[in-house]
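Subject: Structure handover

Hi,

Here is the structure we talked about. My notes follow below it.

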Amino acid sequence: MTQTVIVVIYLGLLLSLGYLSSRLFRGNSNDYFVASRSIGPLVLFMSIFGTTMTAFAMVGSTGESYRVGIATYGKIASSSALIHSACFFLVGLPLWGLGKRNGFHTQIEFFRARFESSKLGYLLFPILVGLIIPYLLVGLMGAGSVMQGVTRGAFPELFASTGGAIPPWLTGLVISGVVLYYIFAGGVRSAAWANTFQTFVFIVMGFIAFVTISTKLGGLQAASSMADHSKAVRSGNITEMQFLSYCLIPLSVGMFPHLFQNCLTAKSAKSFRLTLVGHPLAIMLTWIPCILIGFWATGAVMPDGVTPVIPEGTSPNAVLGMMVGKLATPVIGGLVTAGIMAAIMSSLDSQFVAVGTMFTKDIVVHSFGKERFSESQLVLLARGFICTIVLVTYLFTLVEPRQVFSLGIWCFSGFAGLFPLVFAAIYWKKATKLGAYAAVIGGAASWLFLFQASGYGKNTSYMVGGVMPVAVVFATCAICMILGSLVSQPPSQETVDKFFRKKANG
Amino acid sequence: MSSPVVITIFLVLLVLHQDFWLKNDASLVAGIVPIGLVYHMAFTVVAALFWFAVVRLAWPYSHEDDDEQGGDQ
């Protein structure tokens, strides 16, 4: 009960922040979509970091560490520390410059202009939105799992079917409602502010969870000595080729539509410097407590010295919620749960804004012309589409759940597989329209084929020839881009001059 | 710091990420953290230092570009 009250208070704080942000909202679409390109270094860093850390980083990492051990950190977090910043440097920074000079608000506007093709946008739009839906799903599923684990037994009469815990459908509904309110109030500016606040909250609360749980288990050394030591090594938990091919997954940040939009909000090129350096360290601060909690969960027992904290057969999604629910005091449990919700919502908000922006700019305005709609009508259209996507995602949460980590990896694999498209667009003058079409179709088709072959994420160990599916999607996209560009006419000189004018842009 | 140097260091870091020499070592550093995890924590710090060096020594934007403020044109 106490945990629920604390989470409700936290959600109330977020609603207040949304209201405050709405007072500063300038009421035009440029402010709603890219905050009038006025975000400074600290908010940009917190916002980008908060956006990349979702249920995947907290609920998923703890569950995966419980399942396959500490190799979870190496296979995705430490590689991200190096490669995410590389993406911000090699992709985010040039795109910011091009976006500012040419007035781009979305990825699709950029690709349309770069590849001289209006129809490319209509092909990309459903693919990007389709890939974002699993990402949103990861957030809602993660929130539901944690609340269910933490509030078990709190409402025995109200929610008898879940053992007295708040059911995931209700958590998903409330979380969606809160995030929708504060982004509707102030668009991307509101999301950036909320992300800054929430990033601070989830880093601090993650640390508190770590200290509280280790203390309850008898201290750091006692907690680690209880753990299953076969999970302290990579051998037997992940193969060399799997570990190597995982390095491609972090390239997904180069193709996330919401991160593209985040980058466009930057005030100046200098704003990116803090992000490049601070992002790896923030990844470590967020992931290490979760990885160790998952590692400890493999052998942790209750104070009676016999009963395991995590019963055999528990879903990896539930591990973090159960460790917090069983080993923290109700107040600490509530605060930590609020922190986990913060991590989840700080991603959902940017993703909601991004899909709304893409729909408005890339489909509606592009098809019917800007003159046909007033500024307020554009914002209204964005909100309508966001509500539709949230509803679709919410309905997916009601069907058979998937492991948060596995579903997140599939989503990232799709975006990472399309990375050759954006890289070629920025750095290869001879990348052509045909190459872009081939890359998008080849990448998306190979991803869909492999996702279907894995039982839509049900087979969590699915690989292709010993490597992660992302390697196949990436290679298909890259080969299609190269071959398609080589057999077609290079882009016009006007386009080359526009996109390759300065050394910094390739 | 020139581009070839930045690229070379980046590739060396990618190779160092593949810590196959620790894959069977289950020892706990200070009795708390598995050595494989300590290695990757150190790797993360080195990655941050690398990007700090890039920002200080290989920043591709001139002062003029850096000072360019936001706002659609």
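A salt bridge here is a side-chain nitrogen of Lys or Arg within 4 Å of a carboxyl oxygen of Asp or Glu. This is a predicted model: local features need pLDDT of at least 70, side-chain atom pairs count only at pLDDT 80 or more, and totals for chains, interfaces and linings use all residues. Residues are numbered from 1 along each chain, chains are lettered from A in the order written, and side-chain values use heavy atoms, without hydrogens and water.

**Salt bridges**

The whole structure has six, over all chains. One of them pairs A:E64 with A:R67 at 3.2 Å, N to O. Both sit in helix α4 (residues 55–68) of chain A, three residues apart. Helices are DSSP runs of H or I, at least four residues; strands are runs of E, at least two. A:E64 is buried, at 2% relative accessible area. A:R67 is partly exposed, at 29%. The cut-offs: buried is under 20%, exposed over 50%, partly exposed in between (1.4 Å probe, protein chains only).

B:D19 and A:R234 also form a salt bridge, with the closest N and O atoms 2.6 Å apart. Each lies in a loop, B:D19 in chain B and A:R234 in chain A, so the pair joins two chains. Both are buried. A:E240 meets B:K23 at 3.7 Å, N to O. A:E240 is in helix α10 of chain A and B:K23 in a loop of chain B, so this pair joins two chains. Shared partners link A:R234, A:E240, B:D19 and B:K23 into one network.

A:R114 is buried yet has no salt bridge. The nearest side chain of opposite charge, A:E116, is 6.4 Å away.

Best wishes

Methods: Lys and Arg count as positive and Asp and Glu as negative; His and the chain ends are not counted.
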